[in-house]
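Please open the model in your viewer and keep the sequence panel beside it. The tour below moves from selection to selection and says what is found at each stop.

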Amino acid sequence: MTEGTTSAAAEGADTLSRLEQEGEIAADYLEGLLDIADLDGDIDMDVEADRAAVSIISDSGGRDLNKLVGRDGEVLEALQELTRLAVHRETGDRSRLMLDIGGYRAKKRAELSELGAKAAAEVKSSGEPVKMNPMTPFERKVVHDAVKAAGLRSESEGEEPERFVVVLPA
């Protein structure tokens, strides 16, 4: 192994260790929240795409967990920000942690990927850009990834909370 390879491997291990630590801090915070709210749920931690991913799942159908998702994921977004702040308070570093509750984000990701692929197909057939409805940063990222996978490019335009994706011809 060369010196550069060794340092790159060590840096990768440090990053993984840091992300696992973020997940553990987030899990502790969320377990406390579930206890306070008297809600049942299991915490699952992972590292996906260079960010910690924490999920709250339930064996009992998750109807109680829907309270933590809220309308259109608004409560989930707020809880994600609070969890990121808890991680920041402990580590001193900004967190990009992703939170999912009851599979809401996973389901939303699949729907948005399909929406992005359809918009890309429409742009390919018409040759005209397609402007989409306003979306959260998470939603825009999923659509951008789907458009890229379809071989096109996209851009975000507008100001929050009205920021939206424009799918562009090749």
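Is Asp145 buried, partly exposed or exposed? Asp145 is partly exposed, because its relative accessible area is 40%, a value that falls between the limits of under 20% for buried and over 50% for exposed. Please keep in mind throughout that this is a predicted model.

**Stop 1**

In general, an α-helix has 3.6 residues a turn, so residues three or four places apart point the same way. Lys141 is also partly exposed, with a relative accessible area of 47%.

**Stop 2**

Now select strands E4 (130-134), E5 (153-157) and E6 (164-168), which form an open sheet of 3 strands in the order E4-E6-E5 with antiparallel pairing. E4 and E5 are the edge strands, each pairing on one side only, and the twist from one strand to the next averages 20°. Between E4 and E6 there are 3 bridges, and Pro134 has Phe164 in E6 as its bridge partner. Helix H4 lies across E4 and E6, running at about 155° to E4, while H5 packs on the sheet and touches E4, E5 and E6, its direction making about 160° with that of E5.

E5 and E6 are joined by 5 bridges, and Arg153 finds its bridge partner in Leu168 of E6. The side chain of Arg153 also meets that of Glu155 in a salt bridge at 3.2 Å, N to O. Arg153 is partly exposed at 48% relative accessible area, and Glu155 is partly exposed at 34%.

Follow the chain into the hairpin of E5 and E6, which has 6 residues between the strands and in which Gly158 takes a positive phi near 90°.

**Stop 3: helix H4**

Select residues 104-126, the 23 residues of helix H4, which at 1.5 Å a residue should span 33 Å; the end C-alpha atoms are 33 Å apart, so the two values agree. Which residues of H4 are buried? They are Arg105, Leu112, Gly116, Ala119, Ala120 and Val123, and what covers them includes helix H3, strands E3, E4 and E6, and helix H5. Just after H4, look for Gly127, which takes a positive phi of about 80°.

**Stop 4: the nonpolar cores**

Select Ile56, Leu68, Leu99 and Ile101, the residues with the most contacts inside the largest nonpolar core, which has 17 residues. The elements giving two or more residues to this core are H1, E2, helix H2, H3 and E3, and the largest share, 4 residues, comes from H1. A second, separate core of 15 residues includes Ala119, Met135, Val142 and Val143.

Centre the view on Leu99, which, apart from its neighbours within four places in sequence, is in contact with Leu30, Val54, Ile56, Leu76, Leu79, Gln80, Thr83 and Arg105. Then move to Ala26 in helix H1, which is buried, with a relative accessible area of 0%. Not counting residues up to four places away in sequence, Ala26 touches Val54, Thr83, Val87 and Leu97. Ala26 and His88 are 62 residues apart in sequence, and their C-alpha atoms are 9.9 Å apart in space.

**Stop 5: two loops with positive phi**

As background for this stop, most residues other than glycine have a negative phi. Select Asp38, in the loop between helix H1 and strand E1, where phi is near 55°; Asp38 counts as exposed, at 67% relative accessibility. Continue to Ala49, in the loop between E1 and strand E2, which has a positive phi of about 50° although it is not a glycine, and which is exposed, with a relative accessible area of 71%.

**Stop 6**

The structure holds 10 salt bridges, and one of them joins the side chains of Asp64 and Lys67 at 4.0 Å, N to O. Asp64 is partly exposed, with a relative accessible area of 39%, whereas Lys67 counts as exposed at 58%.

Terms used. Residues are numbered from 1 along each chain as its sequence is written. This is a predicted model: local features need pLDDT of at least 70, side-chain atom pairs count only at pLDDT 80 or more; totals for chains, interfaces and linings use all residues. Side-chain values use heavy atoms; hydrogens and water are left out. The expected span of a helix is 1.5 Å times one less than its number of residues. Buried means under 20% relative accessible area, exposed over 50%, partly exposed in between (1.4 Å probe, protein chains only). Contact means heavy atoms within 4.5 Å. A nonpolar core is a set of buried Ala, Val, Leu, Ile, Met, Phe, Trp, Tyr and Cys residues joined through side-chain atoms within 4.5 Å. Two strands pair if DSSP finds at least two bridges between them. Axes are lines fitted to C-alpha atoms, for helices over the stretch in contact, and angles run from 0 to 180 degrees between N-to-C directions.
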